[in-house]
Amino acid sequence: MDEHKETLRVGSAVRRRRRRLELTLAVVAERSGLSVPFLSQIENERARPSRRSLQRVADALRTTDVELLAAADPARTVEVVRAGDDTDLAGSTPDARVRELARGHHQLHVLEFIGDHDAGREFQHRNDELMYIVEGAVEMEAEGRAYRLGRGDSLFLTGGVRHRWRATVADTRVLVVAVGDHIEAVDDGGR
């Protein structure tokens, strides 16, 4: 078994969907043909539904089993990524490395860029992102404005902002924390 593979907690996704539709467990039980106690156990992570049972629950909630799995929470995990761990991502070179600091399907993506990368590449992410300069310096262009960032500086970008950056000092280290694309961002409106 892959030690980095997560167990998804689908019960939380079932509960959120049921509540969003303002349905009781009894209504979902009637629609799915499953018992109320079993549905309660699923929602409380005390039972793992078979693929067929999950399809029946999804049908009752007017969605798909794939959507429920995509909305599932990962199991509670604690993971350490050591400095020497082989976590380099595809595209890393001896002069420019990208390390994944949190493995798996999480709400946040955490990457460390060491050295430079393709400075001509433009990025645009669906959700918010924070860049923190651990060492060195970078030049950043976001929404047509240029920024120079040095050690200890950070830059926050809301989802949808087009940006590009390049290291201006050798051995620059940049920490990037981004909300996962699978997370549905909510417009607060009150901010």
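**Legends to close-up views**

**View 1. E143 lies in the loop between β6 (137–142) and β7 (145–150).** Helices (H or I, at least four residues) and strands (E, at least two) are DSSP runs, numbered from the N terminus. Although E143 is not a glycine, its phi is positive, at about 50 degrees. E143 counts as exposed because its relative accessible area is 55%; here buried means under 20% relative accessible area, exposed over 50%, and partly exposed in between (1.4 Å probe, protein chains only). The model is predicted, so that local features need pLDDT of at least 70 and side-chain atom pairs count only at pLDDT 80 or more, while totals for chains, interfaces and linings use all residues. Residues are numbered from 1 along each chain as its sequence is written, and side-chain values use heavy atoms, with hydrogens and water left out.

**View 2. R62 is placed in the loop between α4 and α5 (65–70).** The phi of R62 is near 55 degrees, a positive value in a residue other than glycine. With a relative accessible area of 55%, R62 is exposed.

**View 3. R18 belongs to helix α1.** R18 is classed as buried because its relative accessibility is 11%. Neighbours within four places in sequence being set aside, R18 is in contact with L23, T24, L25, V28, E43 and L61, where contact means heavy atoms within 4.5 Å.

**View 4. The largest nonpolar core holds 18 residues.** A nonpolar core is a set of buried Ala, Val, Leu, Ile, Met, Phe, Trp, Tyr and Cys residues joined through side-chain atoms within 4.5 Å. The members that touch the most other members are V10, V14, V28, L39, V57, L61 and L68. At least two residues of this core come from each of α1 (10–20), α2 (25–32), α3 (36–43) and α4 (51–60). The greatest contribution is that of α4, with four residues. V28 touches R18, L23, L39, A60 and L61, when residues up to four places away in sequence are not counted. Another core, of 15 residues, lies apart from this one and includes F113, I133, A142 and L155. In soluble globular proteins, nonpolar side chains tend to be buried together.

**View 5. A nonpolar patch on the surface is formed by L130, Y132 and F156.** Patches are made of residues with over 30% relative accessible area and no salt bridge; like charges are joined within 9 Å, and nonpolar side chains (Val, Leu, Ile, Met, Phe, Trp, Tyr) within 5 Å. A salt bridge is a side-chain nitrogen of Lys or Arg within 4 Å of a carboxyl oxygen of Asp or Glu. Together the three residues have about 280 Å² of accessible area, computed by the Shrake-Rupley method with a 1.4 Å probe; for residues, only the protein chains shown count as cover. F156 is in strand β8 (residues 154–157).

**View 6. G152 occupies the loop between β7 and β8.** G152 is partly exposed, since its relative accessibility is 41%. Residues up to four places away in sequence aside, G152 touches Y132 and I133. G152 and A137 are 15 residues apart in sequence, and their C-alpha atoms are 9.5 Å apart in space.

**View 7. The whole chain, shown for context, has five helices and ten strands.** Buried residues make up 35% of its 191 residues. Of the contacts in the chain with a separation of 6 or more, 61% are between residues 24 or more positions apart. The accessible surface comes to about 12000 Å², with 48% belonging to carbon and sulfur atoms.
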